[in-house]
Amino acid sequence: PAVIRREDYTPPAWLVPEVSLDFALGVDGTRVVSDLLVRRNAPGQPLRLSGDGIAAREVLVDGRPSNHWRMEGADLVIDLEGDEHRVSIETALNPAANSQLMGLYASNGMLCTQCEAEGFRRITFHPDRPDVLSVYRVRMAGPKADFPILLSNGNCVASGEGPPNENGEDTHWAEWHDPWPKPSYLFALVAGDLVATSDSFTTMNGRKVDLNIWVRPGDESRTHHAMRSLINSMKWDEEAFGREYDLDLFNIVAVSDFNMGAMENKGLNVFNTRYVLADPETATDGDYDAVEGVIGHEYFHNWSGNRITCRDWFQLSLKEGFTVLRDQMFSAAMGSEPVKRIEDVRVLRAAQFPEDSGPLAHPIRPDSYQEISNFYTATVYNKGAEVIRMMRSMANFGAGADRFRKGTDLYFDRHDGEAATCEDFVKAIEDGAGLDLTRFRLWYSQAGTPRVTARLAHEGDVATLHLTQEVPLTPGQASKQPMPIPLRLALFDRASGKHGGEQLVVLDQAEASFTFPGHAEAPVLSLNRGFSAPVAIDAATSQEDLVFLAAHDDDPFARYEALQSLIVRHLVAAAAEELSDDERFTGRHAIASAIAAVLDDTALDDLMRGELLILPGEGYLAEQFAQADPTAIRREREGLKGWLAQALLARFTALHDRASAVPFSLEAAARGARKVKTQALVYLAAGAPEEAARRAAAQYDAADNMTDRQGALMTLCGLDTPGRAEKLADFHARYAGNALVIDKWFSLQAGSLHGDALAHVKALADHPDFTLGNPNRVRSLYMAFAANPAAFHDPSGEGYRIIADLILALDPINAQTAARFVPSLGRWRRIEPARAAMMRAELERIAAAPSLSRDTFEQVTRSLG
Ligand code: B3K
Ligand code: ZN
């Protein structure tokens, strides 16, 4: 397959100011007539329209059948004289047969579209590139009974009854018009039997916007949280970024077959049901947060993505990195800022750090790709957000004003209506916020997580901080330059437990020293507070100082980080078998006293306490090794957890008792109680399994909400207890027919700590509820399994075979989803040699398969390369 390169960008040869689409809808046969107004933008070039799996039934130029067109591969090419024409093309589609879920497809009898990044070309021939912006007019007609609701972007401008169709069914039609020019990837159409929950929002300038959330009949009662989140998003974007909504209508549709989370189509967001539907009986607190975050994310795209879109797909982080930052800020404002920060860093470390240190490493603005779908990554999204967050910290630290906002205001003002680049964004922040980002731009071009070492020296009354940085080499980038790394820090006085104010230093060379006078005693260093830079820090902080910071740091993130470092260091040494009995003993005791302090600290709220109690993840621990042994990591992590549970048994049971007495509500205190309640079970399961099984079964039976029920079932799933099968059966029966909850039933078993998790996964693949046809179900079983290191990395290699078999079976059905499983095998170089060889062999087996999709081919070859 061809490699597309960023440096090869050329402006479009033809612009398409207007698109008019006419759909004759049917689940297994839809006819599309596309009418394009095309305008020459470069001399001498034919009109080249992309297609994918479609054929033109008829081509008209200026109303007359034309012979001056040909197919070049999948492209339809028309030789045109002159500068402006109307081109009309008819295509025929079979939505029911579209299992890739790109373009127009059927889901539960309804029709919907997914066009980002290159799905529009599966509907009709089109330039289908984000820098071609058009005003869309859409007409659709179809049988009323099948498609009572007809939706597209913008406003409905006309609708009516049609003549009966060839089957004698009543038909109707609707016409939609979107006044805002947009790229084809933001086009959407939905037709089906849907019901709306409706509300309205009045914008800061008095525009009344009708809001609808469309779901399948029966799901209406589960849309209230999504609607509240939407209204909160609209209000927040006005206050935080000055962004006002720009249409009179905003529609959200929930569909159950969807490749990712949601899609920001102009005025018609399409969502995976899992990010819309929520009620206490079926959704956990985590699900509620995810709904709020994704609703916000897609809404915020209306400005960061739609009003200003991307020039080309290499600029994806322009909209995604910025929009992730915006959704993180929104969620922080709606809930707890420090807790949200810790969660975001945990996601970055679990999903993005491994990407950065593996064969698929790429800069947040990639230089080349074969299949753009493979670049909707944690790097482009989450590291992209971190990069913009650094600009924000540098602009605002100590400024006493929101200078970053001046930068974003300038960006929105300068580029509204355009298809922009990452460079445009950086320049606007530079000009608006008054920063020099010359060297900072390296964050856009260099991949890899920088490693910073910090050493604090003390002499007289001066503390000197020596910093070095190293950007690791990544595929295709054989040399690296030092990058500006903004580090927030504080120096604590040991005696008072206080510091004299936070400072920001920017390390922009390979090494630098910073001096801090006024310290009679050697201070304790708190570095990278708030995770001000997405780097790995080696500060060689003593165990004693980590315990100090875990108890005293006034930056909640830094406090969390100190505790995590203490535990990571211990577990890494333990898993590497580098600890003497004595060291193991003192290490465990230091951790136990820090955890005891967390359990006892009455000044902590439970949401934060719950964060502090989460042990470093197995994936993050594995990252600390050049070649990890997943079995050793599981053994030591569970061993420590069990030891802590026994050492602090009375505290954990008391915590579980206290939290269990808090009645259900969605308020922070009650949510916090639910979080620590299950945390207590997690510890008890490792150290006092019978006690845990008894409490978990009781929690399951008493549960009046999904958070408690799922937490209890998760605990039971990891234990050998009769309650395990009993409650799993109860759960399955209780929620039969509720797809999102049955997904949880699969995930809990596939992700469990149970020693037989691998065998459970094999059995579940044959369960009647399992299907490769629904991405949520596929992910619920196999993503949970691939993220369960001890099961996936079973020494037999069977886990690798299961995932490779899945990739091969799924690839022809849904390539995008199949390719998402490749990175788990692609980590082979970072796993101990015996397993690495088996992982590699599975990748080779996939690579040798005939007719792989471009998606899977690219991921597999990069992983082997
Ligand atoms: N922009 C979409 C992602 C589309 C992915 C296509 N493979 C969702 C989002 O980031 O908001
Ligand atoms: Zn997005």
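How many residues of domain 2 are in contact with domain 4, and how many of domain 4 with domain 2? In this predicted model, 8 residues of domain 2 are in contact with 13 residues of domain 4. The side of domain 2 that touches domain 4 comprises 3 nonpolar, 4 polar and 1 charged residues.

In an unreviewed entry, UniProt places the feature "domain: Peptidase M1 membrane alanine aminopeptidase" at residues 226-440. Residues 226-440 are 53% helix and 9% strand, and the end C-alpha atoms of this span lie 37 Å apart.

**The shell around ligand 1**

Ligand 1 is surrounded by E116, A117, M260, A262, M263, E264, H297, E298, H301, E320, S373 and Y376. By class, the shell around ligand 1 has 5 nonpolar, 3 polar and 4 charged residues.

**A helix pair**

Helix 20 (residues 739-750) and helix 21 (residues 757-765) have axes that come within 8 Å and cross at roughly 150 degrees. On the side of helix 20, F746, Q749 and A750 take part; they meet A757, H760, V761 and L764 in helix 21. The contact of helix 20 with helix 21 is made up of 5 nonpolar and 2 polar residues, with no charged residues.

**Strands and sheets**

| Strand pair | Direction | Bridges |
|---|---|---|
| Strand 2 (residues 14-24) and strand 3 (residues 30-40) | antiparallel | 9 bridges |
| Strand 3 and strand 9 (residues 84-93) | antiparallel | 10 bridges |
| Strand 26 (residues 462-470) and strand 30 | antiparallel | 7 bridges |
| Strand 7 and strand 8 (residues 75-78) | antiparallel | 4 bridges |

Strand 2 is joined to strand 3 by a hairpin through 5 residues. Between these two strands, S20 stands opposite D35 in strand 3. Strand 3 is also joined to strand 9, where L93 stands opposite T30.

An open sheet of 3 strands has the order 4-8-7, with antiparallel pairing. Why is one side of strand 4 and of strand 7 left without a neighbour in the sheet? Strand 4 (47-49) and strand 7 (69-72) stand at the edges and each has a single partner strand, so one side of each lacks a neighbour in the sheet. Direction ignored, neighbouring strands of this sheet are turned by 25 degrees against each other on average. W69 has I78 in strand 8 as its bridge partner.

Another open sheet consists of 4 strands in the order 30-26-25-32, and its pairing is mixed. Its edges are strand 30 (511-517) and strand 32 (536-538); each has a single partner strand, so one side of each is left without a neighbour in the sheet. From one strand to the next, the twist averages 25 degrees. Where strand 26 is joined to strand 30, T468 stands opposite E511 in strand 30.

Key. Residues are numbered from 1 along each chain as its sequence is written. Chains are lettered from A and ligands numbered from 1 in the order in which they are written. This is a predicted model: local features need pLDDT of at least 70, side-chain atom pairs count only at pLDDT 80 or more; totals for chains, interfaces and linings use all residues. Two strands pair if DSSP finds at least two bridges between them. Two residues are in contact if their C-beta atoms, placed from the backbone, lie within 7 Å. Ala, Val, Leu, Ile, Met, Phe, Trp, Tyr, Cys and Pro count as nonpolar, Asp, Glu, Lys and Arg as charged, and the others, Gly among them, as polar. A residue is near a molecule or strand if its C-beta atom, placed from the backbone, lies within 6 Å of it. Axes are lines fitted to C-alpha atoms, for helices over the stretch in contact, and angles run from 0 to 180 degrees between N-to-C directions. UniProt positions are given in the numbering used here, feature names are shortened, and annotations may be inferred rather than shown by experiment.
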